[in-house]
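Here is a friendly walk through a multi-chain model, arranged by topic. Have the viewer open and follow along.

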Amino acid sequence: MELDYILLLSALLFVIGLFVVITRKNAIMVLIGIELMLNAANLNLIAFSSYDGSLQGQIFSIFLITVAAAEAAVGLAIVVKVYNYFRTADLDKINELKG
Amino acid sequence: MVLAAGSAVFIMFTKNILYAALALMVTFLSLAVIFIFLGAEFVAITQILVYVGGILILLVFGIMLTNKTGSTQVLSLTYNKVLGFLASGALFIILFKGITLANFAALDWNKESESLEPSIAKFGQILMTDYVIAFEIIGLLLLLALIGAVRIAGKARKEADHGT
Amino acid sequence: MMTLLQQGDLSTKLEQIGESLTWLLPEVTLVITLILLICYDLIFKKNKSIGLATISFVGLGFSIFLSALQWNQESQLNLFDGLLHLDKLAIILKILFCTVLAGSLIIAVKANQDRDDFFESSELNTLLLGVLIGSSFMVMSTNLILIYLSIEVVSISSYALTAITRGKKKAEAGLKYLIFGAAASAIMLYGMSWLYGFTGSLDISSETFISGLQSIDIVPLSIAGLLTLAGILFKLGAFPMHIWSPDVYEAAPIPIVNTFSVIPKLAALGVLIRLSLGLNPSTIDWPLWISITAIASMTVGNFSALWQKDIKRMLAYSSIAQAGFLLVGIVANSEAGFESLLFYGMIYGLMNLGAFYLVQLLENKTGSTQFEAFKGKGSEIPYLGILTVIVMISLTGLPPTAGFNAKLFIFSAVYETYQISANPIYMLVLIIGLINTVIALFYYLKLPYFMFLKSNSSQVPLTKYRLSELILGTLLITPLLLLFFRSDWFVDLVNSINFGL
């Protein structure tokens, strides 16, 4: 597999993730989009690391996956709390603070 | 690779959140396969364990917990589609140009071509010697995230005390 | 391909790790404090507040002491084989962060409604310490992995801090903060992965990194640079990543807002300083981008602050504008620029501490943070009004307060750079900065205006403030006046930092 194709794939994933974050209203869909973007960065790192002898990219990936997990956990906790208060997970309707 | 791209596009277009989560799982799995091809077995296994086995389950739980209305399908529509398409399309074109201009494969530091032998032992050593401080910081991060998540989502215990 | 490490290699590496660890004693102290807080909370069931407060303050004090001990040794230390970089820049910022956090905790002690949240259980203290530890690592890191990790430690603690206390607004602010922040850090990661692809190295101060960057075409380099910058600007709260600031500042409790407004901002600036030390403006015209950000932050922050009715939101927009001013120091890209940046940062920490302390006192008595509720307080308690006026003048940057010195230094640094390089963008930044200083006067004086010139129309009799609260306010505000006349102590400190440009 050529490096350029993999980079294009990750660019595609990144852009799709960004699209999902911008256009979706449901909070969990937005989180899904963010995970897509993070995976795109991961793919880049692993692809570059296959050319590098020192496995740095892979280590960065492991840390990245871990941090993404922690962030998702805290994010979902907040989403659940917001749902308890607002009875909806729709970002448009959650708008008490002044703009 | 085509599978990864295809399932990502599916996420983009589907209305149903649960289908989107499942498509995300397909994306993760296909990425893990790509990782194995690139010589990163440890990362691939971690990806499956953490992402599919952890984060995805959390997401599905989140979907379940935030839609107690009892309707059969959980929908999430897209809005501002045109704006989104324009922005993402433009970004993709910019990235495409960037990739081709950079010509990554011909860079100086790429002297060694792929070395795909299993290297988990070496990986562990590097993790524990070169990057040990990062390892410790991650431990701290996970502790803080744990405290935060549990405290945010759970019932405040002080309320129980004051109530009695 | 390399086989497993030989025995000799391994033991030298382990020795090096042990040696580097001793230089991290301040952070280790903070981590031990964190663990002690959690254990104390678990062991004792009731009346924990005094114990928790003591542990926090003692830990912070100890850490400041240990950092100060490291001040006088030889210049730059590479810890952990190039992952961290302990130099005077890092030490000054770390001491500043610990001091600001101690100040936030003092504000929390004085808070009426939220005090229990802070000191009856350890979570808030723990998360605040998490922000502090993350920021300390941020200013020390020279490796992309550690920069990312420490930014995430700060971010995740911040998200939790925003959403953790009870309240509808807080949950909403926390959610928006998290979504925006997670997206920003994902963008930053993508940029960082390209930087890795360009150079094959994750260490931003190494030769391979810098020379690798110089051999890349301008388009991909700009893309990667902008993407990485997005994440850092998010932590800084500058345009265009400033949208989360007003909501989060309005919703969170005041001591936490005080922490947010100083510590992550200055830590992000530390990261920017390290990044910019490596990059030459001839390779890639990054002062241009940062100038655009600085100008936009100052303008957007100032104009939005004029319309605010809630003082916390106003202070949020003012922090966005101040972030713009701080970025002017990075634009200057010279020794003088970075030194004036640090000086401004220290003054800014003091000013914000004073301002938020006064807002907390006002909130204690009136129960809200809207301007309408503060009418007439100045006439009833003149001393408090005077303190407020001094802080606001300092935030604007007028004499006779230290804020004036800070702005003067930063603007003269950028003027020097303009004279050297004759690039019109520097003059533009300078002019817009001066205009914005004048605009800022209008909204900073809004609070004293309401306090003095409008009369209190409600019938509630006002209780007096305790003498201790007023004395504490004086202690926080007087340095602002003193430093105007005798700012050489701080200036000498920053001058002794060798940036190695």
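In this predicted model, residues 24 or more positions apart account for 55% of the contacts in chain B with a separation of 6 or more. For chain C, 79% of the contacts between residues at least 6 apart in sequence join residues at least 24 apart.

**Chain B overall**

- Chain B holds 7 helices and 0 strands, and its pattern along the sequence reads α-α-α-α-α-α-α.
- Of the 164 residues in chain B, 44% are buried.
- Chain B has an accessible surface of about 8,700 Å², and carbon and sulfur atoms contribute 72% of that area.

**Chain C overall**

- Chain C contains 22 helices and 2 strands.
- Among its 501 residues, 64% are buried in chain C.
- The accessible surface of chain C is about 17,300 Å², with 67% belonging to carbon and sulfur atoms.

**A helix of chain A**

- Helix H2 of chain A covers residues 27-49, which is 23 residues.

**A helix pair within chain B**

- Helices H2 (residues 17-37) and H3 (residues 41-65) of chain B have axes that come within 9 Å and cross at roughly 175 degrees.
- An angle over 145 degrees counts as roughly antiparallel, so H2(B) is roughly antiparallel to H3(B).
- On the H2(B) side, the residues making this contact include B:Leu18, B:Leu24, B:Met25, B:Phe28 and B:Phe35.
- On the H3(B) side, they include B:Val43, B:Gln47, B:Tyr51, B:Leu56 and B:Met64.

- The handedness of the crossing between H6(B) and H7(C) is left-handed.
- Chain B contributes residues of H6(B) to this contact, among them B:Ile133, B:Ile137, B:Leu141, B:Leu144 and B:Gly148.
- From H7(C), the contacting residues include C:Leu149, C:Glu152, C:Ile156, C:Ser157 and C:Ala160.

Conventions: Residues are numbered from 1 along each chain as its sequence is written. Chains are lettered from A and ligands numbered from 1 in the order in which they are written. This is a predicted model: local features need pLDDT of at least 70, side-chain atom pairs count only at pLDDT 80 or more; totals for chains, interfaces and linings use all residues. Side-chain values use heavy atoms; hydrogens and water are left out. Helices (H or I, at least four residues) and strands (E, at least two) are DSSP runs, numbered from the N terminus. Buried means under 20% relative accessible area, exposed over 50%, partly exposed in between (1.4 Å probe, protein chains only). Contact means heavy atoms within 4.5 Å. Accessible areas come from the Shrake-Rupley method with a 1.4 Å probe; for residues, only the protein chains shown count as cover. The expected span of a helix is 1.5 Å times one less than its number of residues. A crossing is left-handed if the near helix is turned anticlockwise from the far one by less than a right angle, and right-handed if clockwise. Axes are lines fitted to C-alpha atoms, for helices over the stretch in contact, and angles run from 0 to 180 degrees between N-to-C directions. Angles under 35 degrees count as roughly parallel, over 145 as roughly antiparallel, 65 to 115 as roughly perpendicular and the rest as oblique.
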